[in-house]
2 protein chains.
Amino acid sequence: MVILALVIFFALSALAGSDPLPSWNDTAPKQAIVTFVEKVTKEGTPDFVPAPERIVTFDNDGTLWCEQPNYVQGFFTIDRLKALAPQHSDWKEKEPFSSLLRGDLTAAFASGTKALDQIVMATHAGMTTDEFAQIVAEWIATARHPKFNRPFTELVYQPMLELLAYLRSNGFKTFIVSGGGVEFMRVFAEKAYSIPPEQVIGSSIKEKFELRDGNPVIVRLPAIDFIDDGPGKPVGIAKFIGRRPIMAFGNSDGDLQMLEYTTSGNGASFGLIVHHTDPDREYAYDRKSAIGRLDKALDEAAQKGWTVVSMKADWKEIFPPKTGN
Amino acid sequence: MVILALVIFFALSALAGSDPLPSWNDTAPKQAIVTFVEKVTKEGTPDFVPAPERIVTFDNDGTLWCEQPNYVQGFFTIDRLKALAPQHSDWKEKEPFSSLLRGDLTAAFASGTKALDQIVMATHAGMTTDEFAQIVAEWIATARHPKFNRPFTELVYQPMLELLAYLRSNGFKTFIVSGGGVEFMRVFAEKAYSIPPEQVIGSSIKEKFELRDGNPVIVRLPAIDFIDDGPGKPVGIAKFIGRRPIMAFGNSDGDLQMLEYTTSGNGASFGLIVHHTDPDREYAYDRKSAIGRLDKALDEAAQKGWTVVSMKADWKEIFPPKTGN
């Protein structure tokens with residue numbers, strides 16, 4: 001145990017000596033983050049927050065990883081639909097499946113949420129939770145981003161990985177609060193972000209318990225249970241965490257209410273928006289984008305004093321360096 | 001930091017030298033628990049389980065604290081109903097309220113779940129989550145158990161408090177998975193059990209996000225969202241934790257499916273049932289009890305090799321020593 005104590009000692013020493021956010025330029029956002037973290041972790045000061053209350057929530061798509069030109073779960077859904085099509089000969093004539101299989105998204109989603117609902121149910125329901133996790137794991141191990149030609153799990157933002165680690169080393173508990181499917185994200189969140197499944201909150205479909213040949217399984221049913229987006233995010237936080245975060249990070253209007261809720265508690269709080277301003281290294285989009293629209297939340301950021309990160313100006317690196325594959 | 005390292009060293013040394021479960025007799029259940037924990041925490045052995053996967057779930061009523069002669073939340077509900085009655089003059093004539101206010105539970109619940117639903121909605125909905133937490137906190141600070149004349153939060157089982165601490169010190173993450181209301185339990189779980197709100201899973205009502213005078217609040221709506229009991233427990237585990245526990249503790253048929261689910265994973269697993277066999281120090285009940293019925297799960301424990309604790313034979317102490325109040 002002397003060895004354990006020494007290991008802890010040297011680990012802490014190493015940590016104290018280096019910049020925990022090397023991929024962030026020394027601009028205002030980095031300074032605001034570090035100032036806030038130092039403030040709430042300093043015992044005996046009025047802004048001190050005890051460790052168990054240091055809850056921080058991160059949106060996923062567009063905040064922790066790339067969401068253009070489609071949500072990663074969107075790519076998964078289309079690939080899944082194609083894989084299942086041979087077993088569903090009626091899809092050739094049936095909307096929204098026929099349009100989607102032809103690649104015509106506009107026609108496919110002409111009926112709006114109803115079409116989305118049908119497609120999600122056809123691709124995400126009817127199997128056990130273990131089977132679904134297996135399907136996602138196999139897909140994400142091989143699928144690649146059309147522009148960057150890298151696995152999606154490598155298109156996570158390096159500055160945000162550093163931020164997650166920095167916050168955890170300061171006693172924060174890091175959560176994902178995303179409109180994405182909770183069981184989709186849980187497959188990769190631990191490896192990609194070091195966030196365990198129980199700290200991933202997302203949209204869900206209904207499930208039921210069943211004994212199959214005496215073996216207990218959880219079956220995914222074709223019905224929406226909860227949409228963790230927009231006003232659903234603070235509800236998801238109340239439901240799953242039961243405590244108001246003191247920091248929240250988002251990038252779109254879907255994060256507006258989470259940011260409002262987080263920054264209206266009694267104590268110190270911090271809201272941040274990632275603004276996609278870098279068409280060369282990633283993408284540039286905001287007020288008019290169909291995916292990740294950032295409009296109201298950008299206006300409110302100015303009024304409420306939320307920090308706005310310009311990816312182009314404030315981030316030295318966007319993605320982690322390429323690995324060998 | 002040398003001091004921190006030394007503190008950790010001595011804390012670990014102290015821990016290693018003493019019995020972590022002093023309120024457990026040296027009978028089979030204690031031995032089974034310790035054997036299992038040593039087995040799954042020993043690196044390099046076939047049964048080793050990495051720390052992030054050491055998920056353990058505890059039922060609350062009857063497993064962590066006393067549930068007789070009524071669930072604590074039952075006492076709360078009746079007190080709440082009485083407190084609200086002056087504002088609802090129609091309750092005098094209206095079932096199930098009139099019977100319940102007269103103390104006639106049989107008549108009140110003649111209509112079964114419908115009556116329960118009406119009563120829960122009248123007492124648990126219509127306020128914000130912050131207001132509800134305040135109501136529960138005030139009630140639990142003053143309410144007392146009719147037999148033991150102690151606050152309910154002192155009627156937690158001392159052996160289970162030791163077990164929770166022992167498991168956490170071995171890298172387990174401790175969760176409550178209870179049929180009780182999640183926002184009811186979260187008010188006291190951290191203080192009573194050192195289990196933070198985000199590790200408490202329970203039944204819930206629907207909620208919505210609202211801006212009140214520009215201030216974001218979560219409002220509790222009069223509609224059931226999720227019943228975390230019986231077959232709902234493994235569903236709650238899948239929904240909130242997203243990972244199969246390797247240990248589960250319960251005391252009634254409401255825990256049967258959680259025990260089945262936990263003990264049917266691929267690796268080592270452990271199921272335990274607390275059998276209430278001590279009419280002198282607590283209560284004795286099982287197969288015929290209206291509250292906490294233990295019938296099917298007791299039969300299945302024998303078949304499946306789950307450990308059964310007899311409170312009378314296996315526990316030296318039931319409750320923590322009285323404090324001064």
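This is a predicted model: local features need pLDDT of at least 70, side-chain atom pairs count only at pLDDT 80 or more; totals for chains, interfaces and linings use all residues.
Helices (H or I, at least four residues) and strands (E, at least two) are DSSP runs, numbered from the N terminus.

With a relative accessible area of 2%, B:Asp278 is buried. Here buried means under 20% relative accessible area, exposed over 50%, and partly exposed in between (1.4 Å probe, protein chains only). Leaving out residues up to four places away in sequence, B:Asp278 touches B:Tyr283, B:Ala284, B:Met311, B:Lys312 and B:Ile318, where contact means heavy atoms within 4.5 Å.

## Ground rules

Residues are numbered from 1 along each chain as its sequence is written, and chains are lettered from A and ligands numbered from 1 in the order in which they are written. Local features need pLDDT of at least 70, side-chain atom pairs count only at pLDDT 80 or more, and totals for chains, interfaces and linings use all residues, while side-chain values use heavy atoms, with hydrogens and water left out.

## Helix H13 of chain B

Now for helix H13 (residues 296-304) of chain B, whose buried residues are B:Ala297, B:Leu298, B:Glu300 and B:Ala301. Looking down the axis of H13(B), these fall within an arc of 165 degrees, so they line one face of the helix; the arc is that of the directions from the helix axis to the C-beta atoms. They pack against helix H12 (256-262), E6 and strand E8 (307-310) of chain B.

On the other side of H13(B), B:Lys296, B:Ala302 and B:Gln303 are exposed. After the helix comes B:Gly305, with a positive phi near 75 degrees.

## Salt bridges within the chains

B:Lys233 lies in helix H11 (residues 232-240) of chain B and B:Asp59 in the loop between strand E1 (55-58) and helix H3 (72-84) of chain B, so the pair ties together parts 174 residues apart in sequence. Both B:Lys233 and B:Asp59 are buried.

B:Arg287 and B:Asp299 also meet in a salt bridge (3.1 Å, N to O). B:Arg287 is partly exposed at 34% relative accessible area, and B:Asp299 is partly exposed at 36%.

## Where the chains meet

The buried area is about 3,600 Å², with carbon and sulfur atoms giving 59%; that is the accessible area (1.4 Å probe) two parts lose on being put together, summed over both.

Between chain A and chain B there are 10 salt bridges, including B:Lys173 to A:Glu198 (2.9 Å, N to O). The tally of residue pairs in polar contact across the two chains is 16, both residues at pLDDT 80 or more.

Note on methods: A salt bridge is a side-chain nitrogen of Lys or Arg within 4 Å of a carboxyl oxygen of Asp or Glu. A polar contact is a pair of N or O atoms within 3.5 Å; within protein, one must be able to donate a hydrogen and the other to accept it, and residues adjacent in sequence count only if both atoms are side-chain atoms.
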